[in-house]
Number of protein chains: 4
Amino acid sequence: MRNGTTAPDYPALLERIAADVAPLVGSGTPAEYIPALAGVDPYQFGMAVADLDGNVHGVGDWRVPFSAQSVTKVFALALALAEGGDSLWERVGREPSGNPFNSLVQLEYENGIPRNPFINAGALVVTDRLQTLTGDASSELLEFLRQESGNPDLGFDAEVAASEHEHGDRNAAVAHFMASYGNIDNPVPALLDHYFWQCSIETSCADLALAAGFLARHGIRADGTRLLTRSEAKQINAVMLTCGTYDAAGEFAYRVGLPGKSGVGGGIVAVVPGLCTLAVWSPGLDRRGNSVVGVAALDRFTTLTGLSVF
Amino acid sequence: MRNGTTAPDYPALLERIAADVAPLVGSGTPAEYIPALAGVDPYQFGMAVADLDGNVHGVGDWRVPFSAQSVTKVFALALALAEGGDSLWERVGREPSGNPFNSLVQLEYENGIPRNPFINAGALVVTDRLQTLTGDASSELLEFLRQESGNPDLGFDAEVAASEHEHGDRNAAVAHFMASYGNIDNPVPALLDHYFWQCSIETSCADLALAAGFLARHGIRADGTRLLTRSEAKQINAVMLTCGTYDAAGEFAYRVGLPGKSGVGGGIVAVVPGLCTLAVWSPGLDRRGNSVVGVAALDRFTTLTGLSVF
Amino acid sequence: MRNGTTAPDYPALLERIAADVAPLVGSGTPAEYIPALAGVDPYQFGMAVADLDGNVHGVGDWRVPFSAQSVTKVFALALALAEGGDSLWERVGREPSGNPFNSLVQLEYENGIPRNPFINAGALVVTDRLQTLTGDASSELLEFLRQESGNPDLGFDAEVAASEHEHGDRNAAVAHFMASYGNIDNPVPALLDHYFWQCSIETSCADLALAAGFLARHGIRADGTRLLTRSEAKQINAVMLTCGTYDAAGEFAYRVGLPGKSGVGGGIVAVVPGLCTLAVWSPGLDRRGNSVVGVAALDRFTTLTGLSVF
Amino acid sequence: MRNGTTAPDYPALLERIAADVAPLVGSGTPAEYIPALAGVDPYQFGMAVADLDGNVHGVGDWRVPFSAQSVTKVFALALALAEGGDSLWERVGREPSGNPFNSLVQLEYENGIPRNPFINAGALVVTDRLQTLTGDASSELLEFLRQESGNPDLGFDAEVAASEHEHGDRNAAVAHFMASYGNIDNPVPALLDHYFWQCSIETSCADLALAAGFLARHGIRADGTRLLTRSEAKQINAVMLTCGTYDAAGEFAYRVGLPGKSGVGGGIVAVVPGLCTLAVWSPGLDRRGNSVVGVAALDRFTTLTGLSVF
C-alpha cells in the first residue's frame, strides 16, 4: 500500500468522470460475433469504485447487469492459483503475446504453452486446471463471484452461452491444438462447455468492483480470509497490466497506467493496489476490443487523481 | 508524484541490496555474440540511485564504465520525441511484441511498422528519425548523455562498434526489410553505422542514473529546462514497463514493478516516477538477455521500499 | 498415352526391383503416433503393377493388407470431383504447401482455404464435400475401392480408426479452424469420424494398383464407364506429382518422376499415365513420412524402364 | 528420351499456337516494381522451339530481346552445379516453398537454408556459390548464355540493373538474413550487384530456347561436351516442375505439365526432356507473376502434341 495516499472523494469523482465522458457514450461498436451481444443498446455507461472495506460507489448504469465475458478470466485465474498454486505457470506463461494474428503459430512454436492467461488459449488452460481442481469450473467460478460481490443473484446467461458455443469453432481449434501437445487434461467438449458458461456470467459494475477487491487487498477476500499470497496477487496485477487489454496493453498502460482486464461485453475491471478497485462498462468497443468509453473513463480517473503508475 | 512518499535512506538501502545479491554475483553468462562483450569479467556489480535533484549514490562498481547497448534506446527515443514530436508514433508502435522469433513475420504482417521502439526494428526506426532530425544521430545522442550525466568523458567504444558491425547482418536484414516498406528514410548503411555507434556508448551506473533523471522528473532535464511534455515522459515510462526487458517484460513487471530498460551489456535503468532513477550493472545475463544480478537487485529495491507498482 | 511406348515385361521387372531393394528392407521406422501402426513388422515389402486392362502382377508381400492411410486421399479426391465437379477447387487449392510447421498460419493467411487436397486440412475439406454429396463419405469410399480393385473383402480396421480418433486432436483443431472460416459444412465430430474411418481402410498392393487404374486410363473406371473427365484425371495426377509425398515432393519428383501418393502405413501409389499403375508397400518410413523401400523401388522402376518424366 | 516419340512439325505447330493465343495478347499486366519493366509494350508475343541438334524455329517476336529476369536462375543453377557439384544442395533445398508471404519466417525456421533455388533467397545462394567458384558470377553467366545460344551479342541492361538495385531492399534483407546464418560467403553488397546484373540480362526466345538445350539433352552442351551429369540435369528439370513458376507450380504442372521457369519480364523456358526446349515471351503477367499468354501458349503446345507429362 502506498504510504500516505488519501482516498479521493469517490462520489464527486465519479460524477465528474461521468460528465466528462458523456459526449462519448454511444461511440464504438458492440461486439458483433454473437447476436446476443450485438443487440445491446450502446448508449449505456456505468462506473463503480469499491474501497478496501467493501464500500461501493457508482454512477450511471452501475447496477445494470451485462455480459462479463473475458473479465471473468481474472477471477478464474485467481481461483486456479488459490486452489492449485504456482504449478499453473508451468502450463501458461506470463508474457504479452504480440498481435493476435499469430496466436496459433506462437502456440506451435512454444509447444502448446500459451503466452499468458488472458489470451483465449491461456484462459482455456486456466479453466481446464480449475475443472480438474474442482470438478465443476464454471459453477465454482460463479459461486466465487457471488460471495465476493455479495450478490447471490449472479447467474449465467444461457442464451449467450449457447451463442458462444455455436460460434465456438476457433476456441475449439485452439483447445484441440493444445490438447495435441498434452496441455489440456479434460475432454475438450466438456472444457469448452465450462469456458462458454464462464464467459456468459452476467455482472454489474457494482458486482465486479466488489468481487475484484482481493486484488487491491493483496490477496484478502471480502470475508477477511486469505485467497492468494501477496506474491500471487502481485502476479495477477502484473499480468493484468501487461496483458489485460488484448493488443492494446501498451496503450492502456500509457493512458490509464493501472492493472486492468477488459471484456468484449464492454466491461473493464481495474485495480489501484492498496486503495480501491474500479469497474466500468459501456458496450461500444474500439478496433482492439476494448470499451471506448470505459478506457476514457479510467483515463479520466487516473488523470484526475494522479493515481497513475507513471 | 506520489503524495507523501518519503525518500528511502539510499546509501543504507544500496549497501543492504549489495549484501543481499552478493551470492548471485557471477551468475548468468555475458553476451556472447561479439567478442568485445564476451570477454567482460562477470564478477562485477554496481548500482546507483539518483534523486530528482541530481544527487547520486552508489555501491560496488557503480563508477565502472560498461557497454550501454540497448539501454541507449531509451535516450534515443526521448531525443527523437523531443526533436520531432509525436509523429514518430506513426512509424513505430507502442505494444509488446511477443517472443522474438517472429519479429520479421510480424513486421511483414504490419507492413514494416515495428511493434515498439525497444525491439531492434523499432530502435532502428528511432535512430533513423533522429538521424533525419539532427544529421548526426549518434553524436547527438552522446552529447545528450554527456550533458544529462554531467560526465564530459563519455564516449564510444570503437572496438565494440566495429564488432557490432561485423556481426550486424540480422540488423541489416531488418533495416532493409523496413526500407522496402518505405519506413527508413536514410541510406541503410549510414543508418546502421549510427546504430552500431549508439550501441557502443560506454557509461557507468552513475552516468545512467543521472542521465535518466528526466523520466523521473516528468520530462525536465538536469538543467531545469523541459525536454519532453509530461505526456511524452509518461509514454516512455509506459513503453519501458511493457516492452523494456525483451521477452521478460511480464516477469519484470511482476518481480520489479517499475519501468525499466535493459541492455546485453548487463546494464538496466529503472524509474520511480516522481522520486528517483536507478541504474544497475552486472554482466551475466539470463536466457532472455537481462542481467541476472541486475534484476535481482531491482527486485530487492522494490521489495524493501514497497515502491513496486503492484 | 505415349505413342509407341511398349510395356515392360512386368514380372521380370518386379523380380529385378525386389532383388535390388532387398538389402534395404527393414530400413526406416514404422509410424509411431498410433500403436496399431507402430507394431507392424518392418521386414515386409510388396509391389504390384496393373496395366490398363486390369492385369496385375506382383512381387513379395503384394497381397498382404496394410493400412492405406493417406493413400486414400487420392480416391476421396477422385470421388468428390466425380460426384460434385470442379467447384471443389473453390474450397481447396492445388499448390504445394511448403513445410508442415506452418500449416495453421497458412490456413489463417489464406482464410481457411487449404493449399491442396493432400495435406490433412485439404483432405478434411474433400471428405467434408464427399459427406455432403453422398451422406456417408467413408462407406462410399470403401465401396468405390471394392469395385475398382475387384476385391469385395476390403474393409475398415476398427482398431486403427479408434486409435486415430484417440490421437486426433490436431486434426480436430484443423477442422474446427476451417469451420470458423465457414469452410466445413458438416458437424466437425461427424466429419472426423468419417475421416478416421477413411484412413483406416486396409488394402494390399494388388488392391491399390488396380483401384488407381482410372488415373492411368485418363478417367475411365475398371468397368469401362467414365469416372472423371480427362482434364480432371490430369488435375489429380498433377497434384500428386507436386503435393503427393508430404514435404518431399521435390525429392520424389527428382528420384521417381511420376505422380505418386504416399501414406504413413508405408504404402505408395504411382501412375504412369496411359500405361500402368504401381503400388508399393514397406512399413519403414523416412523422416518425412514416406516409405524408404517404397521410394527406392519406384526409383528403380523408372530408372530401369526409362519411364521417368525427366 | 522417350522411345518412338516423333518430333512434331514445329513451324506449323508454332503458327497454330500463335493463332490460338492471338486473342489473349495484351492480357495481364507487365511487372510494375521497376520502371524499366513497367514501360514495356504488352502487345508483344514470341515463341521458339529448339530441337536437340540446335535447330530453332519461331513465331511472332521470337527474336526480340527482353529482360530474362528469373529465367536466368535456371542457368545460374546449372553453372553452379557444373562448377561446384552437389554440395550446393547443403545450402539450398529442392522442395516447393508454399506461398511467398512466409519466405522469411520459413528461412528462420530452417536456419537460413532456402527451400529451393528458384525463390529469391535460393537464387541468391546459387549466385553466391557461383561467385565463390568463378570470381565473377554475372560475367560467367553471360558468357555461358552467349555460348549456348550462339549469340555473342547478349548483354546486360544497365538501366534494369540500376533499377533493380534501387528497389532492392527486400533482396538485401533476405541476403543479410541468410548471412546471419552463415549461408552467404561473399560480401552482401557484391553479391547483390552480381544478382541484379544477372537479372538484367537481355535475351530473345530464340536465345533462351537454344541456351536451355542442355536440359533436353540430359546435360550435354551445344558443343557436345558434357556440362552436367544426367542425374544433375534430371534434378534441375524436377525442381523446375515443382518450383519453377512461383506460387503457381501446381497450376502450371496441371495445365502445361512440363518443367518450366518463368520470369517477371514475361519470359518462360520449358523443357521436353529428350526432345526439345521451348521459350515463350509476352510481358503481361497474371497475379502470380507468370506471363498470361506464355502459359496459354505452352498449354496449347502440350495439348496439341500430347507431350504433357500427365
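In the predicted model, the contact between chain A and chain B draws on 38 residues of chain A and 39 residues of chain B. Together the two chains bury about 3,300 Å² between them, and carbon and sulfur atoms account for 55% of this area. Three residues stand out on the side of chain A: A:Lys234, A:Tyr254 and A:Phe310 supply 22% of the area that chain A buries against chain B, which is more than any other three residues supply.

Between chain A and chain B, 6 salt bridges are found. One of them joins A:Arg288 to B:Glu95, with the closest N and O atoms 3.9 Å apart. This pair counts as a salt bridge because the distance lies within the limit of 4 Å between a side-chain nitrogen of Lys or Arg and a carboxyl oxygen of Asp or Glu.

The elements of chain A that give two or more residues to the side touching chain B are α4 (103-109), α12 (230-243) and α13 (249-255). Of the elements of chain A, α12(A) gives the most to this side, with 7 residues. By residue class, the side of chain A that touches chain B comprises 14 nonpolar, 14 polar and 10 charged residues.

The arrangement of the two copies was then considered. In general, two copies of a chain are related by a rotation about an axis and a shift along it. Here, chain A is superposed on chain B by a rotation of 180° with 0.0 Å of shift along the axis, and the RMSD is 0.0 Å. The two copies are therefore related as by a two-fold rotation axis. Among the residues of chain A, A:Gly98 comes closest to the rotation axis, its C-alpha lying at 2.0 Å. Furthermore, 100% of the interface residues of chain A are also interface residues in chain B, so the copies meet through the same surface.

The C-alpha trace of chain A spans about 55 × 40 × 35 Å along its principal axes. A compact globule of 310 residues would have a radius of gyration near 19 Å; the value for chain A is 18 Å, which agrees with this expectation.

A further interface is formed by chain D and chain C, where 38 residues of chain D are in contact with 38 residues of chain C. The area buried between chain D and chain C is about 3,300 Å², with 55% contributed by carbon and sulfur atoms. Across this interface of chain D and chain C, 6 salt bridges are found. A salt bridge links C:Arg288 and D:Glu95, whose closest N and O atoms are 3.9 Å apart. Polar contacts between chain D and chain C number 14 residue pairs, both residues being at pLDDT 80 or more. On chain D, the elements that give two or more residues to the side touching chain C are α4 (103-109), α12 (230-243) and α13 (249-255). The largest share of that side, 7 residues, comes from α12(D). The residues of the side of chain D that touches chain C fall into 14 nonpolar, 14 polar and 10 charged.

Conventions:
Residues are numbered from 1 along each chain as its sequence is written. Chains are lettered from A and ligands numbered from 1 in the order in which they are written. This is a predicted model: local features need pLDDT of at least 70, side-chain atom pairs count only at pLDDT 80 or more; totals for chains, interfaces and linings use all residues. Side-chain values use heavy atoms; hydrogens and water are left out. Contact means heavy atoms within 4.5 Å. Buried area is the accessible area (1.4 Å probe) that two parts lose on being put together, summed over both. A polar contact is a pair of N or O atoms within 3.5 Å; within protein, one must be able to donate a hydrogen and the other to accept it, and residues adjacent in sequence count only if both atoms are side-chain atoms. Helices (H or I, at least four residues) and strands (E, at least two) are DSSP runs, numbered from the N terminus. Ala, Val, Leu, Ile, Met, Phe, Trp, Tyr, Cys and Pro count as nonpolar, Asp, Glu, Lys and Arg as charged, and the others, Gly among them, as polar. Copies are superposed by least squares on the C-alpha atoms of residues with pLDDT of at least 70 in both. The radius of gyration is taken over C-alpha atoms; the globule rule is 2.2 Å times the number of residues to the power 0.38.
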